[in-house]
Amino acid sequence: MNNSGQNTYVKAKTMIPGGTQLLSKRPELHLPEQWPSYYSRVKGVEVWDLDGKHYVDMSYNGIGACVLGAGDPDVDEAVRAAIEAGNMSTLNAPEEVELADLLIELHPWSEMVRYARSGGEAMTVAVRIARAYTQRDRVAFCGYHGWHDWYLAANLAEEKALDGHLLPGLEPAGVPRGLLGTALPFHYNNLDELEAIVNKYPDEIAAIVMEPVRDHDPEPGFLEAVRAIADRIGAVMVFDEITAGFRLTPGGAHLLHGVMPDIAVFAKAISNGYPMAAILGRRDVMQAAQSTFISSTYWTDRIGPAAALATIRKFCRENVHNHLIHMGTLIQAGWQEAAQRAGLDIHVGGIAPLSHFAIQNEKAQAARTLFTQLMLEKGYLATGAFYATYSHQSEHVEAYLEACEDTFAVVAKALKQNVLMEQLKGPVAHTGFRRLT
Ligand SMILES: Cc1ncc(COP(=O)(O)O)c(C=O)c1O
C-alpha cells in the first residue's frame with residue numbers, strides 16, 4: 001500500500017530528532033507504520049493525506065487547536081487582512097490592545113494581560129511572574145503544563161535512576177538538578193496532597209498551578225479550598241486554560257465554577273490554529289512582570305492577536321461552546337451504546353468537548369491500535385479521543401458512531417479469540433505520557 005506520509009516520516013526521523021515537534025503528533029502514538037502522518041490539505045474536519053486520501057478527523061483536530069475546525073472562514077479572513085496590512089513592523093500591532101480589552105471584559109476579575117505564542121511558554125511566563133511577585137521558588141501543581149524546565153523539574157528524583165518516574169514518558173535529562181524539589185505535584189481533587197506540600201513548605205510556595213477542570217469536574221468545594229489555601233499562604237493561583245478554556249463557556253472554564261484565579265493562561269483554544277497565547281491576571285500580580293525580563297520578538301506579530309480576536313468573537317457570537325458540548329455528549333453516549341451492543345468493555349471520560357474512551361482489557365493498547373487501523377480503513381482519523389469542533393455536524397457523528405459499532409464488534413471478537421496481533425498490520429501503538437490528574 002502506498003503511504004507517502006510514512007515514507008516522509010522515515011526520512012524525517014533521520015533529520016528531525018523524534019520526527020515531529022509535538023509528542024502527540026508522533027505517528028507511533030496512533031498507528032505505527034500505518035498512520036498517514038502528514039497532510040496535504042485540511043478544511044473543517046476533512047483532511048487529505050500526501051496521497052490524496054480523504055479522512056474525517058474524529059480525533060484531535062490539530063491536537064485541540066482547531067476548535068472551530070481547520071481553516072475557519074472568519075478567522076482566515078482576519079488573518080488575511082493582517083497579512084495585507086503587514087504582519088510585522090518596528091511599531092506594535094494595535095490588535096494587542098483590542099484583545100486585552102476583550103479578554104478583560106470576559107474575565108472581569110482580571111486587569112492586565114501579557115502575550116506569548118504557545119502554551120508551554122505562556123505557562124512559563126505565568127510561573128516567572130508568580131515567582132517574581134512572591135519572591136519564592138517552589139510551585140505546587142497538578143496536570144500537564146508544557147516542556148519547560150520549571151515543570152519538568154518535577155521529574156527529577158533524589159536518586160538519578162528514578163528520574164522520569166513521576167510523569168512517565170517525560171524525561172528530564174538536561175533540566176538542571178538544582179531545580180530538584182521546586183515543582184511539587186498533587187492530584188486533582190486531592191486536597192490532602194496539596195495541604196501536605198503546603199505544610200512542608202509554608203512560606204516557600206510561589207504558585208499553585210492547575211487546570212480548573214479537565215478529565216472530571218471538581219469535587220464540590222475543591223476549587224474554593226485551593227483558592228483559600230493560596231490566599232492563606234500568599235501563593236499566586238494560576239489556572240491553565242490552554243486546552244479547557246472557551247470550550248465550556250465563552251471564556252475560561254473557571255467562570256462556570258465561580259472561582260477566580262490570580263492568573264489565567266490561554267493558548268491553543270483561542271486562535272484556531274494560529275500561534276497565540278495570553279497570560280491574564282490581577283494588576284498587582286501582573287505588574288511583577290516589570291521586575292523581571294520577559295520579552296520576545298515574535299510575541300509581537302499581528303496574525304496572533306488578529307486570529308484570537310476573530311476566534312473569540314465567533315465563540316461569543318455563535319455560542320460555539322454549546323455545539324462542542326452537544327457533539328461531545330452525543331459521542332460519549334454513542335460510544336457507550338456502541339460498545340455495549342458490540343460486547344466491548346470501555347470506560348468513557350473527559351469533559352464533553354474533550355472526550356475519550358479506554359478499552360478495559362489487559363490488551364487495551366493493542367485493541368485500541370486495531371480500532372485505529374480499522375477506522376482508518378473506513379476513512380476516519382480515530383483514536384481513543386474525540387475533540388469536538390464547530391465544524392463537526394450530526395451527520396459526522398452518526399456515520400462515525402456506526403463505523404465505531406462495527407469496529408468495536410471486530411475488536412471485541414479479536415480480543416475474545418485472542419487474535420488481536422494477527423489482525424494488526426503493524427506494531428502496537430506506543431503509549432504517551434500519563435498526565436498527573
Ligand atoms: C493544559 C495544557 N497546558 C499546557 C500545554 C502546552 O501547550 P503547548 O503545546 O502549546 O506548548 C497543553 C498542551 O497540550 C495543555 O493541554
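These legends go with a handful of close-up views of the structure, which is a predicted model.

**View 1. Twelve residues gather around the ligand.** Among the closest in this shell are G119, G120, D240, T243 and K268. In make-up, the shell around the ligand splits into two nonpolar, five polar and five charged residues.

View 2. D240 uses an N or O atom of its side chain here, sitting 2.6 Å from a nitrogen atom of the ligand. G120 takes part through its backbone instead: one of its polar backbone atoms is 2.7 Å from an oxygen atom of the ligand. K268 brings in its side chain, with a polar atom 3.0 Å from a ligand oxygen. As for how much of the ligand stays uncovered, start from the 390 Å² that the ligand exposes when taken alone; the protein buries 87% of that.

**View 3. F141 and Y151 meet edge-to-face.** Look through the whole structure for aromatic pairs and you get twelve. In the pair shown here, the ring centres of F141 and Y151 are 5.1 Å apart and the planes stand at 65°, so this one counts as edge-to-face. F141 belongs to strand β5 (residues 138-141) and Y151 to helix α6 (residues 149-152), so the pair ties together parts that are ten residues apart in sequence. How buried are the two partners? F141 has a relative accessible area of 0%, which means it is buried, and Y151 is also buried, with a value of 0%.

**View 4. Y188 and F222 make another edge-to-face pair.** Their ring centres are 5.2 Å apart with the planes at 65°, so the edge-to-face label applies here too. This pair links distant parts of the chain, 34 residues apart. Y188 sits in the loop between β6 (183-185) and α7 (191-200), while F222 is in helix α8 (residues 222-233). Both Y188 and F222 are buried.

**View 5. N272 reaches over to L68 and G69.** N272 is in the loop between β9 (263-266) and β10 (277-281). Its relative accessible area is 4%, so N272 counts as buried. What does its side chain touch? The N272 side chain reaches the backbone nitrogen of L68 at 2.7 Å, and it also reaches the backbone oxygen of G69, at 2.9 Å.

**View 6. Cysteines without a disulfide partner.** A search of the whole structure turns up zero disulfides. Take C66: the nearest cysteine sulfur is that of C316, and it is 19 Å away. A disulfide needs the two sulfur atoms within 2.5 Å. C66 has 16% relative accessibility, so it counts as buried. C142 is buried as well, at 3% relative accessibility.

**View 7. G62, in a loop and partly exposed.** The loop that holds G62 runs between β3 (54-57) and α3 (73-85). With 34% relative accessibility, G62 counts as partly exposed. For a sense of scale, follow the chain on to E405: G62 and E405 are 343 residues apart in sequence, and their C-alpha atoms are 25 Å apart in space.

Conventions. Residues are numbered from 1 along each chain as its sequence is written. This is a predicted model: local features need pLDDT of at least 70, side-chain atom pairs count only at pLDDT 80 or more; totals for chains, interfaces and linings use all residues. Side-chain values use heavy atoms; hydrogens and water are left out. Buried means under 20% relative accessible area, exposed over 50%, partly exposed in between (1.4 Å probe, protein chains only). A residue is near a molecule or strand if one of its heavy atoms lies within 4 Å of it. A polar contact is a pair of N or O atoms within 3.5 Å; within protein, one must be able to donate a hydrogen and the other to accept it, and residues adjacent in sequence count only if both atoms are side-chain atoms. Accessible areas come from the Shrake-Rupley method with a 1.4 Å probe; for residues, only the protein chains shown count as cover. Ala, Val, Leu, Ile, Met, Phe, Trp, Tyr, Cys and Pro count as nonpolar, Asp, Glu, Lys and Arg as charged, and the others, Gly among them, as polar. Rings of Phe, Tyr and Trp (its six-membered ring) pair if their centres lie within 6.5 Å; planes under 30 degrees apart count as stacked, over 60 as edge-to-face and the rest as tilted. Helices (H or I, at least four residues) and strands (E, at least two) are DSSP runs, numbered from the N terminus.
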